[in-house]
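Have the structure open as you read.

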Amino acid sequence: MEVFFSQCVPLYKHALDGNWQAAKHILDANPALKTAAIAPGWPTVLHVAAGTNHYHFVEELLNILDNDAIQLQDKKGNTAFCFVAAAGNWRIAELMLKRNILLPTVKGGDGMTPLHFAALQGRCPMACKLYPMTKEMFDDEDWELLFFTCIKTCNYRE
């Protein structure tokens, strides 16, 4: 419990704030935190950072993570790429795609793809970019979910 309050909580806060120097200090002192769950729901520091607009933080973090760490899932099964898709930040998504081009095809919670997360949050530009990377793997249920999600969020073009 001591590590949680003394290192995980501050690391989480630094990821939200985009304070790379402070986060790096914690990660250097305890390298296991690069891939550890740092909050309830089991998000890693990459999950937290991916949902923000702190490009530099994610860029620096990706430089110290191995390829397996980029695909880690939280308690619901979501990868950090699901978070970046929901946030709609294409620049951060591109950073992650350079490391693993298959991230758009990794389903998260409730069997949703990152494309579904983008559509659910009304992130039309992100959804449009993820669509060609994802559509080949869709089954009927995926198409139905995407269709109704896009209608519900007005995430479509006339």
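A salt bridge here means a side-chain nitrogen of Lys or Arg within 4 Å of a carboxyl oxygen of Asp or Glu. By that rule, the structure holds three of them. Keep in mind that this is a predicted model, where local features need pLDDT of at least 70, side-chain atom pairs count only at pLDDT 80 or more, and totals for chains, interfaces and linings use all residues. Residues are numbered from 1 along each chain as its sequence is written, and side-chain values use heavy atoms, with hydrogens and water left out.

| Salt bridge | N to O distance |
|---|---|
| Asp17 and Lys13 | 2.8 Å |
| Lys24 and Asp28 | 3.0 Å |
| Asp142 and Lys107 | 3.0 Å |

Helices are DSSP runs (H or I, at least four residues), numbered from the N terminus. Asp142 is buried at 3% relative accessibility, while Lys107 is partly exposed at 29%; buried means under 20% relative accessible area, exposed over 50%, and partly exposed in between (1.4 Å probe, protein chains only).

The other two pairs stay local. Asp17 and Lys13 are both in helix 1, four residues apart, or about one turn. Lys24 and Asp28 are likewise four residues apart, in helix 2. Lys24 is partly exposed at 29%, and so is Asp28, at 49%.

Definitions and conventions. Helices (H or I, at least four residues) and strands (E, at least two) are DSSP runs, numbered from the N terminus.
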